[in-house]
Structures are given as C-alpha cells and as structure tokens.
Amino acid sequence: MHLKYESQLREPLVYGDKNFHQVTEDICRPIEVKPSKLWYIGFFISVALLMFGVYSVYSEVVYGVGQWNLNKTVGWGWDITNFVWWVGIGHAGTLISAILLLFRQGWRTGVNRAAEAMTIFAVMCAGQFPIWHMGRVWMAFFVMPYPNTRGPLWVNFNSPLLWDVFAISTYFTVSLLFWYSGLLPDFGTIRDRAKTKLRKKLYGIAAFSWTGSTKHWQRHEALSLVLAGLSTPLVLSVHTIVSFDFATSVIPGWHTTIFPPYFVAGAIFSGFAMVQTLMVVLRKVYGLQDYITIGHIEAMNKVIVLTGSIVGCAYITELFMGWYSQNKYEAYTFLYSRGNLFSPYGWSYWGMMACNVISPQIFWFRKMRRNVFVTFFMSIIVNIGMWFERFVIIVTSLYRDYLPSSWSVYYSPTIFEIGFYMGTFGLFFTCFFLFSKYFPVIAIAEIKHVLKTSGESYKDAVGDIEVQKVEEFAHEYAH
Amino acid sequence: MNVKKFVVGCFNDESVLFPAVKKVRTAGYKIHDVYTPYPVHGLDHAMGLRETSLHTAGFIYAITGTCTALGGISWILTSDWPLNFGGKPHFSLPAWIPIIFELTVLFSAVGMVLTFCYLCRLAPFLKKHHFHPRATDDYFVMAIECTAKTNVDDLKAFLQNAGAFEIDVQNAETGWWLGTYDKEQQLIKDSAVEIA
C-alpha cells in the first residue's frame, strides 16, 4: 500500500502496468537507440530551412533593412509580427511548469519537459527578430546599459522597448535555469544506465554529478517551488511588456488598455497550440502514449478553448470601443481597416477571427477534445490564427497613417522576410530534433513521483479501499 | 579525503523504506544518506534533516536585485545623466517598475540556482561516489556509515530484517573530486582510517 492514494474517478496520468524501472526504460529508449529515418529527414529539412534563414539574414545585414519591404509608414512588418508570435508560443512551457506546479496539477508532469524546451527554443527564435531588425546589428550591445564613452549616454529606462530587452532576456535565463535544474536528475539516470564511455562522459558532465541524495532532493524541491513562484508573475509580465510596446504608443489600434491581459491570454492560447502540435507527434513517434495520454491532450484543449474565448472577447471589446469612443481614427482602424472584409487587409482580420475565435469552439465537445486528429489540425489552425492576430495588430494599424499622403502602398513581404521567418522555423525544429534525440523528453523523476498515486495499475488497487467505510479505512491505515 | 566503510542497503518501495529509516535511527546507526530516484516527500523529516534555507537565500537575492535596479536607474536618470523625456519628472518610478521587477526575478533565480549548485556540490566535471547505479532508476539506497565499533554482520542482518533486498559493504570517499564518469574512480587511500 502506498502512503497516499488518489480516487479512481480521476483519470490515470500513466497508463499500463508500470514500475519505476519500466518508466526509466520507456523514456530513455529513444535516447539509447539509433534515430529513425524519419528523424534524419526531419532534421535535415530543419537544417536546410535554417540555412535559408541564415542566407536571408546575411543578405539583410550586408545590404541593409531595405532588403525587406518595410517603408516609412509600415515600419514594423513581418519581423515584429514574427517576434511577438514566437514570444507568445514561448509562454506555454513556463505556464505548464510553473503555474500548474503551483496549482498542483498532476498532468503537467507528462508534458512539462518538452514544453519548457519548446519555450526556450521559441524565445531564441523570437530574439532574432528585434536584433536583426536593428540593421546595424554590430551595435546591438547599445541596448545594454553600461558606462560608455558617449557621455555616458544611457539607455532610456522609461521606454517599453527597453523593458522588453530586460523582460525577454530575464525570461530566457530563468526558463533555462528552471529547465536545466529539472534535467539534472534525469541526466543522472541516463548517465548511470550508459553503456558506452562517451555517453558516460557526456551525460556525466551534463548531470553535474547528481546522486539523488535526500538532502539534494529537498533543496531541489525548494528550488523548483521558488522558481515556479518567480516564473509565474514573470511569464505574465513578459507578454504584458510586449503588449506595452504597442499599448503605450498613440497609434489608433495600438493605444488600448486591454492589451496586457489580451496578449497574455493570446500567448497562452498559441503556446498551448504549439505544445499540442509537438506532443501529438512526439507521443506517436516515440510510443509515449502511456505518458502523454488523451487526458493530457484534453486538459490542454480545455485551456485552448478558454484562452481562445478570452481572446475573442478582447476582439469584440476592441470593435465595440472603436464605435463607442466616437473617435474617427479609432473607428477607421477598427471598423474599416480591420472589420471591413473588403478593405485591403480585411482578409487577415477575418482569417484571424475564423481561426482564433470561431473554430476553437469545437472544443466544447468532449469527443473533439479527445480526438488526436482534430487536436493536431486545430493546433495548426490556432497558430495560423495567432500569426494573423499579430499581423493584423501591426500592419492594419500602420498602413494608413493620419494623412492620406503618407498612406503606404500594399505591404507584402520580400523573399528575405519570408526566408528569415522560415529560418526561425529551421532553428526551432533543429533544436527540437536534437532535444528529442539526446534529452529525456519527459521528466522521468516527476513521473515516478506521481506513478504510485496516479498510475493506472496502482489506482486499480485503490478500488477496494474506496468501497470501505471511513471508520474501517481509518482503523486500517490511519492509526 | 577519508575513505570510510559503509553498509549499503537497497529498498524497492517507499512503504518499506520509511519504517526501515525509523528502525535504523532508533537502533542508533548513523544514516549517511538515502539516495532515491525521485523526491520522496517526508523522507527528509524521517531522517531528521533540517529544513533548507534556500528560500531565504532566494529572498535576499531578490531584494538585492530590487535595490540594484532601483538604485542604478535612479542614479542614472536623476544624477549621472538626467535627460528630459517629454517634460516628465526625472524620478519617474512607475515607468521603472517593469525593469525593477525583472531584475528582482533575475537576481533571485540566478542566485538561487548557483547557491543550490554550491550547497549540493553540483557542477560539470565533478565526480562523486555512487553507492548503487540504480539509485537514479528504481532503488532506494540507504548508506549507513560504520564506525570502529560497528559490527558489520549485525548491521547487515538488521537491514535484511528491515526489508532491504540487496546489501553490501563498500569503502568509499564521501566528498567530490574532479573527473568524468567514463574513467574508473580512483580512491585516495588514507592509511590512518584503515588501521582504525
């Protein structure tokens, strides 16, 4: 009899008849066998995309930002759209690992490792855009405050763009630390199973000589809990600050007080969609259906329908305010440039509405939430929709200025802008393929921690206990 | 570093481990450590370990971050190089809150992780003695330190009684040393201990 037990009413988190050793075997297997042909194909496609991105960036650095179709009116186009899109995706990992840890949600254990990895890679991709958009990228270090020979001329601490520098770099650092401190015990597991010398050496280095001592675990638990407590406001602050980039300006369409909560909800929405895209494939390819169960997928779909509806609420509030404010510039942006399907960019607004607000409502049905194909399809749709959202916010607010004389011609990206975006996909998936081959994609120690309370075969044993009367149970177990 | 003698017992379930820890402690043996594949809640209390103060350290780092940001920004914008941004006051605290918050989190997180690694002696290229390779897989490994007076056979029988299914005696160093795990460990023999 285990010391704690969980009701059978709750869905098991681990299916099948597993013991601790079996858990280790299942999760370490992909690392210890040769990768499949499919892995190599995927990996080389990713590297090819990455190379395309490197070439696009090279051409932008050598010939200047003029390689992109930005102009004086549309000063932010695909680059900042992609930046916000990737940062948004980078929010699910920390949400899963930190907020769900504080809320004691057991299902986070199956997906947190891969989601955190996804977060880190997504933030790496996001960071590329503002950096290369600087044009003279060799002066990128000017954004850091340091005593310099130009006065010293300091950065403007009152500017949201500088807040972004601090927010994104802090977020990246803290996510990385959180992720890696969780990885130490699992690297220890792989090191102690390693057969070859090279593996022993490399995983030994990576595991930082982890032993599994009780005192170390006690500190590790304290560390995870405090890092979770720190990451929770951090994850909310990061996208809040990203939204301030827009909200503190006076551009109609950007100058909106609901931006912070609306952006945070959108970030969680797109982040979970990306987690679904990756998890649905990962569990199938690595045969991890016992650990990333339909229950996990359903839980994430519930988050998607909730946050999708919050985002929808924000869209409608914006439209309402466009009319209610009786400000003709606001009305022009919201009701013409966005709301009118037949305005130049109307298609992107209604594409966004269809992908983000209307289609996720399918997840009100339990059958749809638990359907892997629907989930995968919807996860792609949601991410397309969230890309449209950022494009709508940026481009439809900018392309028609106050003066018709400075209205821009129809903005569409050049091959280098597209190439840069594709390149970040390459970076993301190259990292993710390497991660899935060399890292434990599920937190082994955390699964073991919940196995005896939430594993299917262990829950069956609880059936006899649940039919007992309280007095009988107390007499037998709780004396 | 001293080489000490340990009796090592392996358990395969929490529910056996907890009573065993209690028995071993009441019998007066000194538990060097228990190595587990996952954090076993309550084991630290059962072993009589004190609570960790890592949270306190984290709090101190956080306050340091807050002070650094607040002090740094206010010095820069009010005294070192005051700039006029649209006629706003030089000391504009509300606009600084985001950066103050971010640095609070950053200092706290980085400081805590470094402290954690320091306290647990965790770093790349370090090596320690592992009492059982499956302590990170599925065994709960209890290492009991032997003194000159310990009767090893008695202790082995005692552990067997307490539910250990695999028991052996090891001579090991308890500290850490530089090295990688692909090479066999080399113990630094300390003759003084062997005589005792």
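Author: Let us begin with one term: a helix is a DSSP run of H or I at least four residues in length, and helices are numbered from the N terminus. Please also keep in mind that this is a predicted model.

Reader: Thanks! In which helix is the place of B:E14?
Author: We look for the run of residues in chain B that holds B:E14. That run covers residues 14-26 of chain B, and its name is helix α1.

Reader: Is B:E14 buried or exposed?
Author: Buried means under 20% relative accessible area. B:E14 has 8% relative accessibility, so B:E14 counts as buried.

Reader: Which side chain does B:E14 join in a polar contact?
Author: A polar contact needs a pair of N or O atoms within 3.5 Å. The side chain of B:E14 takes part in one of 2.4 Å. Its partner there is the side chain of B:Y38.

Reader: What radius of gyration does chain A have, next to that of a compact globule?
Author: Along the principal axes, the C-alpha atoms of chain A fill a box of roughly 85 × 50 × 45 Å. A compact globule of 479 residues would have a radius of gyration near 23 Å. The value for chain A agrees with this, at 24 Å.

Reader: What share of the contacts in chain A with a separation of 6 or more comes from residues 24 or more positions apart?
Author: As background, buried residues make up 58% of the 479 residues in chain A. Turning to contacts with a separation of 6 or more, the share from residues 24 or more positions apart is 81%.

Reader: Which elements do the buried residues of α7(A) pack against?
Author: The buried residues of α7(A) are A:Y203, A:G204, A:I205 and A:A206. Just after α7(A) comes A:F208, with a positive phi of about 55 degrees. The packing partners of those buried residues are, in chain A, α1, α6 and α15 (415-438).

Reader: Is A:F44 buried or exposed?
Author: A:F44 lies in helix α2 (residues 37-63) of chain A. Exposed means over 50% relative accessible area. With a value of 52%, A:F44 is exposed.

Reader: How does A:R191 count, as buried or exposed?
Author: A:R191 and A:D192 form a salt bridge, with their closest N and O atoms 2.9 Å apart. A:D192 has 21% relative accessibility and counts as partly exposed. A:R191 has 2% relative accessibility, so A:R191 counts as buried.

Reader: And what is the relative accessible area of A:E389?
Author: A:E389 forms a salt bridge with A:R390, where the closest N and O atoms are 3.7 Å apart. A:R390 is buried, at a relative accessible area of 2%. A:E389 is buried as well, and its relative accessible area is 1%.

Reader: How many residues apart in sequence are the parts that B:K30 and B:E145 tie together?
Author: B:K30 and B:E145 form a salt bridge, with 3.4 Å between the closest N and O atoms. B:K30 lies in strand β2 (residues 30-35) and B:E145 in strand β4 (residues 140-145) of chain B, so the parts that this pair ties together are apart in sequence by 115 residues.

Reader: Now the two chains together. How much area do chain A and chain B bury between them?
Author: The contact takes 59 residues from chain A and 67 residues from chain B. In chain A, A:F157, A:T214 and A:R219 lose the most area to chain B, together 11% of what that side buries. Carbon and sulfur atoms hold 69% of the area buried between the chains, and that area is about 5,900 Å².

Reader: Which side chains meet in a salt bridge between chain A and chain B?
Author: Side chains of opposite charge can pair when their charged atoms come close. Across the interface of chain A and chain B, the rule finds 1 salt bridge. With 2.6 Å from N to O, the side chains that meet are those of B:D13 and A:K452.

Reader: Which element gives the largest share of the side of chain A that touches chain B?
Author: Between chain A and chain B there are 26 residue pairs in polar contact. Elements of chain A that give two or more residues to this side are α1 (20-32), α6 (160-193), α7 (197-206), α8 (214-247) and α16 (444-454). The largest share is 17 residues, and it comes from α8(A).

Terms used:
Residues numbered from 1 in each chain as written. Chains lettered and ligands numbered in written order. Predicted model: local features only at pLDDT ≥ 70, side-chain atom pairs only at ≥ 80, totals over all residues. Heavy atoms only, no water. Contact = heavy atoms within 4.5 Å. Buried area = accessible area lost by both parts, 1.4 Å probe. Salt bridge = Lys/Arg side-chain N within 4 Å of Asp/Glu carboxyl O. Polar contact = N/O pair within 3.5 Å; in protein donor to acceptor, adjacent residues only side chain to side chain. Rg over C-alpha atoms; globule rule 2.2 N^0.38 Å. Buried < 20%, exposed > 50% of the residue type's maximum accessible area, 1.4 Å probe, protein only.
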